[in-house]
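Open the model in your viewer and colour it by secondary structure.

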Amino acid sequence: MSDSVSPTRRRTLIWLLRTSGTALFAALVYPVMAYLKPPKVTGDAVSSVRVGAIDDFTPASGTLFRFGNRPGILIRYEDGSFRAFSATCTHLDCTVQFKKDAGIIWCACHNGKYDLNGRNIDGPPPRPLDEFDVIEKGGEVFVTEA
Ligand code: FES
């Protein structure tokens with residue numbers, strides 16, 4: 001019995017193995033890469049939004065709003081003044097919320113805490129919240145890019 005394989009047959013087998021190996025690799029890698037790649041975010045780019053009437057916001061309150069495709073949080077202080085911040089946590093992008101009982105802006109994901117001036121005061125957030133400008137005009141509250 002002979003072990004010899006003709007050179008043509010050997011090349012054909014090698015080609016088949018490489019081709020099927022490449023196809024298998026692509027079949028495994030492509031779905032993983034497609035899953036890991038974030039989808040394109042579409043949405044209106046805005047530079048200003050109307051959040052509501054001044055009287056809609058009680059003193060010592062926090063209200064979430066949409067700034068284009070991003071969340072924002074409008075804080076109304078005891079003295080009636082306003083400030084607005086991005087509501088995207090600077091740690092891992094969870095949406096923060098106003099916590100009236102503690103008097104803070106809080107991130108539930110990892111217990112991150114910000115004071116009502118948007119400064120990170122406890123937990124993992126590495127920096128303050130980004131701030132928007134607030135304009136009161138005609139009894140309405142508008143928020144614009146800072
Ligand atoms: S995402 Fe907000 S504390 Fe981690």
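Start with the open sheet of 4 strands, ordered β5-β6-β7-β8 and paired in the antiparallel sense. Strands here are DSSP runs of E with at least two residues, numbered from the N terminus, and two of them pair if DSSP finds at least two bridges between them. Select 97-99 for β5 and 120-122 for β8: these are the edge strands, each pairing on one side only. Looking across the sheet, neighbouring strands are turned against each other by 40° on average, direction ignored; the axes behind this angle are lines fitted to C-alpha atoms, and angles run from 0 to 180 degrees between N-to-C directions.

Next, select residues 112-114, which are strand β7; its antiparallel pairing with β8 runs over 2 bridges. Show Y114 and look across to β8, where N120 stands opposite.

The model is predicted, so local features need pLDDT of at least 70 and side-chain atom pairs count only at pLDDT 80 or more, while totals for chains, interfaces and linings use all residues. Residues are numbered from 1 along each chain as its sequence is written, and side-chain values use heavy atoms, with hydrogens and water left out.

Now move to the open sheet of 6 strands, in the order β1-β10-β9-β4-β3-β2, again with antiparallel pairing. Select 48-53 (β1) and 61-67 (β2): each stands at an edge with a single partner strand, so one side of each has no neighbour in the sheet. From one strand to the next, the twist averages 30°.

Finish with residues 70-76 (β3) and 82-86 (β4), an antiparallel pair joined over 5 bridges. Pick G72; its bridge partner in β4 is S86.
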